[in-house]
Amino acid sequence: MPPVLPMLAKSVAAIPTGMQYEAKWDGFRAIVFRDGDEVELGSRTGKPLTRYFPELVTAVLERLPERCVVDGEIVIAREGHLDFDALTERIHPADSRVRMLAERTPASLVVFDVLALGDESLMDVPLAERRHRLAAELSGVAAPVHLAPATTDLEVARQWFEQYEGAGLDGVVAKPPAVRYRPDERAMFKIKHERTADVVVAGYRLHKSGPVVGSLLLGLYDEEGTLQHVGVSAAFTMKRRAELVEELEPLRMDEVSGHPWAAWSEESAHEKARLPGAPSRWSGRKDLSWIPLRPDRVAEVAYDHMENGQRFRHTARFRRWRPDRTPESCTYAQLEEPVRYDLAEILGG
């Protein structure tokens with residue numbers, strides 16, 4: 001019975017040997033429950049996603065076993081490529097908009113594990129057997145429900161790691177064949193793409209605990225010479241957060257006027273440029289204020305994925321200061337673009 005928290009993965013630098021390998025899908029993790037006419041899509045936090053994806057409820061009723069619990073990922077594909085932005089738009093309070101988007105940008109369900117079939121719990125069954133049972137149950141399943149490709153061949157996994165990013169996937173997940181299903185435990189391994197970029201540090205937000213740096217605000221210059229906000233770097237020790245305040249003090253501006261992001265508080269300005277503090281359904285009443293810095297300092301950060309080629313998908317990881325780089329040299333041109341790969345090739349057409 002829901003909620004059941006999904007089994008998780010911990011990051012490792014290289015693809016380990018002797019595992020079952022799957023692509024790392026870039027979507028919403030979902031534990032899907034079906035009991036006859038009842039369906040619930042449970043999120044990673046345990047809260048239901050069911051109302052946001054009515055087309056998947058219909059698909060589950062048509063394509064999954066009558067009584068089952070499966071683990072998978074909700075994704076949206078456009079032009080053969082995963083579109084995470086379109087997915088986030090589906091989390092909307094208005095039912096009319098949810099249903100309109102369900103028709104305009106329908107979601108798919110990629111299934112990669114099974115927790116129960118009929119009256120039988122498979123939680124204590126080894127992964128290799130769970131995969132065999134799942135493949136048998138979903139043999140010939142039709143879109144928008146897909147059986148995730150899996151392999152035990154390390155060379156194939158390495159090939160997937162290189163190719164699949166071009167379809168918007170995040171990397172590879174390696175799963176021990178004998179592992180039982182362990183909710184909310186990091187019992188698997190994920191290997192993600194990581195690249196570095198030189199970015200302009202143009203401001204920071206304070207940490208919730210006090211007057212130390214919570215996150216650095218990062219920017220890149222576009223072709224028109226406009227500094228666009230591309231994300232944040234936030235993983236620092238408390239000691240380092242305090243040190244950063246002192247390091248950045250000479251760059252601190254008394255007021256935001258004159259800063260490239262001076263119009264950040266005006267909602268209309270976000271339609272023309274990427275600025276910090278963009279209003280969204282995710283931020284709610286969160287304090288989005290920030291301290292402006294003269295955009296003179298360059299840092300090297302690591303990132304795994306770009307969203308629509310415009311911003312870092314996840315929090316970037318600070319690597320070092322780059323005093324040898326000028327802010328004007330920090331442009332989008334330095335970013336590596338993965339070779340495009342058709343998502344249909346992964347999901348078997």
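Student: Which residue stands opposite C68 in β5?

Tutor: R34 stands opposite C68 in β5. Residues are numbered from 1 along each chain as its sequence is written. The model is predicted, so local features need pLDDT of at least 70, side-chain atom pairs count only at pLDDT 80 or more, and totals for chains, interfaces and linings use all residues, while side-chain values use heavy atoms, with hydrogens and water left out.

Student: How are strands and their pairing defined, and which strands does β5 join?

Tutor: Strands (E, at least two residues) and helices (H or I, at least four residues) are DSSP runs, numbered from the N terminus. Two strands pair if DSSP finds at least two bridges between them. Here, strand β3 (residues 28-35) and β5 run antiparallel and are joined by eight bridges. Strand β5 (residues 67-75) is also joined to β8 by eight bridges, again in an antiparallel arrangement.

Student: Which other strands pair with β8?

Tutor: Strand β10 (residues 145-147) pairs with β8 in the parallel sense over three bridges; there, H146 is the bridge partner of V110. The hairpin of β8 and β9 has two residues between the strands, and G118 takes a positive phi near 60°.

Student: Are the residues of β8 buried or exposed?

Tutor: Buried means under 20% relative accessible area, exposed means over 50%, and partly exposed lies in between (1.4 Å probe, protein chains only). In strand β8 (residues 108-117), 10 of the 10 residues are buried, so this strand is largely enclosed by the rest of the structure. Eight of the nine residues of β5 are buried, so β5 is likewise largely enclosed by the rest of the structure.

Student: What is the order of the strands in the open sheet of five strands?

Tutor: The order is β1-β13-β12-β2-β11, with mixed pairing. The edges are held by β1 (8-11) and β11 (150-151), each with a single partner strand, so one side of each is left without a neighbour in the sheet. Strands β12 (residues 171-175) and β13 (residues 186-192) run antiparallel and are joined by four bridges. In this pair, G171 stands opposite K192.

Student: Which helix lies across β2, β11, β12 and β13?

Tutor: Helix α5 (residues 154-163) does so, running at about 5° to β2 (20-24). Such angles run from 0 to 180 degrees between N-to-C directions, and the axes are lines fitted to C-alpha atoms, for helices over the stretch in contact. F161 belongs to α5 and is buried, with a relative accessible area of 15%. Contact means heavy atoms within 4.5 Å. Leaving aside neighbours within four places in sequence, F161 is in contact with I15, G171, V172, I191, K192 and H193.

Student: How far is the buried K190 from the nearest side chain of opposite charge?

Tutor: Lys and Arg count as positive and Asp and Glu as negative; His and the chain ends are not counted. A salt bridge is a side-chain nitrogen of Lys or Arg within 4 Å of a carboxyl oxygen of Asp or Glu. K190, found in strand β13, has no salt bridge, and the nearest side chain of opposite charge, D170, is 7.8 Å away.

Student: Which residues touch the most other members of the largest nonpolar core?

Tutor: In soluble globular proteins, nonpolar side chains tend to be buried together. A nonpolar core is a set of buried Ala, Val, Leu, Ile, Met, Phe, Trp, Tyr and Cys residues joined through side-chain atoms within 4.5 Å. Here the largest core has 39 residues, of which Y204, L216, L218 and F312 touch the most other members. Apart from it lies another core, of 32 residues, including V39, A86, V114 and L134.

Student: Where do positive phi values occur in residues other than glycine?

Tutor: E79 has a phi near 55° and sits in the loop between β6 (77-78) and β7 (81-82). With a relative accessible area of 78%, E79 is exposed. D184 has a positive phi of about 60° and lies in the loop between β12 and β13. At 48% relative accessibility, D184 is partly exposed.
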